[in-house]
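Have the sequence open alongside as you read.

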Amino acid sequence: MYSFLRVATAIPTVKVADIDYNLERHIELIRQAEAEGVQLLVFPELSLTGYTCGDLFHQNTLLEGARQALALLCEATVDSSAMIVVGAPIEWRNHIYNCAVVLQYGEIRAYVPKVYLPNYNEFYEARWFDSGASVPADTYMEDVPFGAGQLFTLNEATVGIEICEDLWVPVPPSSVMALRGAQVIVNLSASDEVLGKHAYLRRMIEAHSGRLVAGYVYAACGFGESSTDLVFAGKGIIAENGAVCGESERFLMENQLLVRDLDIEKLQTLRRDQTTYGELPLSTGCDVTHGKYITNEMEEADEPDWESSFHRYIAPTPFVPNDEAEMSERCNEIFNIQVAGLVTRLRHINCQTAVIGISGGLDSTLALLVTVRAFDKLGWDRQRIVGITMPGFGTTRRTHDNSLGLMESLGISRREISIVPSVNQHFADLGVDSSVHDVTYENCQARERTQILMDAANQTNGIVIGTGDLSELALGWCTYNGDHMSMYAVNVSIPKTLVKYLVRWVAMTSVDERSREILLDIFDTPISPELTPPDAEGKIAQKTEDLVGPYELHDFFLYHFFRFGASPSKIYFLARKAFGDKYDNETILKWLQTFCRRFFQQQFKRSCLPDGPKVGTVSISPRGDWRMPSDASWATWKEELNTIPKS
């Protein structure tokens, strides 16, 4: 369902050269994996014999024992639909190969020999094994494919196999496998532990999976390997597109199984959208198997019950990191990108001022903070920033006081212009009943404010700094030619869930105590356009998230819709996994329908956006990442949404 593939690393305890003991551990882990619904199971390098057998690999007894163990393993897995990959020494044509052996439904489906053999420090594999690079791709041993140039189709995934050292070379075999279509790479390894190596290996797997836009399943041998000169800690690492999805604990004295669900559809979408992917000619000499690959079609692996068990973390706020240090680093980078964009624009047009509407809300606050930093960077007087607060029918004392206080504490020019008289005159001219708080009532206020800002910019030889954010633009939650328009929009690719944290980050790192107090109060203020009158207590009555839905949901929908092209049903499934404890199914579906409808119907507002800096992987600029006709129909998405049960 939704093109997930359940993969696992199996790290058995071993006894060197005790094949019967090792076989029992394999069967135990296979049974455990079957209970978890694993579809692709990966054991370490030479897992059946142990990696550190040394010259025992030249003993017929050991080689024959490995063959018998494979036969018994086939008997034990005759009912298993999973693709199981184990490590064993295989003798063929007077040579011994360090192989990954692929099994399914009790049959050996392939032998994949290691290509790059280490012959340095404590590793002298060339003493015992031959490289698989010299084996033609169309070679068979007893009717079973034998060679490094093999791929495997499993359900909707294509799998490639490499072994340990293969990953560490300048052009790993997996690079070619990925270009040949493999979305998942498995690595059977026996990496030893030395100071700093594990951290380097982890970074390498992360980076390699990102460069290949692939899943990477790495299993390395552990407890029981010889400690004569080396220590093996047992490492299971599963990565996807540049991020580690799961990692087993090292130095355990027991079997380990690490299970994760890879998103094959996501990887395919990313590769399809990355137009340079696959353009490298495979005749350039980088193909270690001479450009020839065979593809083995595996049987369909049984689907797990994704509803009852899902081994994948789905971040409810994909734009906002969980880690505080990472959050600070990201805020710093985003803020500097915004500032750099505005600095470039201000210098290019040689304007005298920057005019910005200050409402006491999050978006205008962030835009003001960016503008202040840009002026400081240019060495310009902050008094050349013209902040205008424009109270209207819905303005509360809290936001009014915060807007004035923030402008004062930051040392910018401060103006207050009430829009009430001009909007009332406008209502009279149009014959609008001001007691009816409809879209006309609201949009008249928004457009009046924009008119004031534009004219003030003309008056002071400046430009209007836009305040609208990515989430509002995705939903069309802005007034056309009102807050929708500016000369430069610094928040245009910042989602609402991230705007809050950027404001808090600046408050905690870059301002004086008085400004910090105001910023933190703004952080805690309910999100509202304040276009309808306050309640009887003078508090905000018009709360945006009550009307259009929670921004954390909409940002989640936007991320998966835009970044990975996910269908409505898949987004709904992922949202239930991410927010199951916070929102019921009916609520998630309701706001997902709202998101899809508004995203399509409001495209015309995005088609004429002002310039603004791109800061992340999700951007809806009509000149860059998102080009969509304003009259595109959402009928197909609506039809799929209608098939989703409401509870």
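This is a predicted model: local features need pLDDT of at least 70, side-chain atom pairs count only at pLDDT 80 or more; totals for chains, interfaces and linings use all residues.

## Cysteines and disulfides

How many disulfides does the count come to? The count is 0. For a bit of background, a disulfide is a covalent bond between the sulfur atoms of two cysteines.

Take Cys-164, which is in no disulfide. Its nearest cysteine sulfur belongs to Cys-221 and sits 8.1 Å away, and a pair has to be within 2.5 Å to count as a disulfide. Cys-164 has a relative accessible area of 9%, so it goes down as buried, because the cut-off for that label is under 20%.

Cys-596 isn't in a disulfide either. Here the nearest cysteine sulfur is that of Cys-478, at 18 Å. Cys-596 is another buried residue, with relative accessibility of 2%.

## Arg-25 in helix α1

Is Arg-25 buried or exposed? With a relative accessible area of 10%, Arg-25 is buried. You'll find Arg-25 in helix α1, which covers residues 19-35.

As for its contacts, Arg-25 touches Pro-12, Thr-13 and Asn-255, leaving aside residues up to four places away in sequence.

Which distance separates Glu-586 from Lys-646 in space? C-alpha to C-alpha, the two are 5.2 Å apart, while in sequence they're 60 residues apart.

Key. Residues are numbered from 1 along each chain as its sequence is written. Side-chain values use heavy atoms; hydrogens and water are left out. Buried means under 20% relative accessible area, exposed over 50%, partly exposed in between (1.4 Å probe, protein chains only). Helices (H or I, at least four residues) and strands (E, at least two) are DSSP runs, numbered from the N terminus. Contact means heavy atoms within 4.5 Å.
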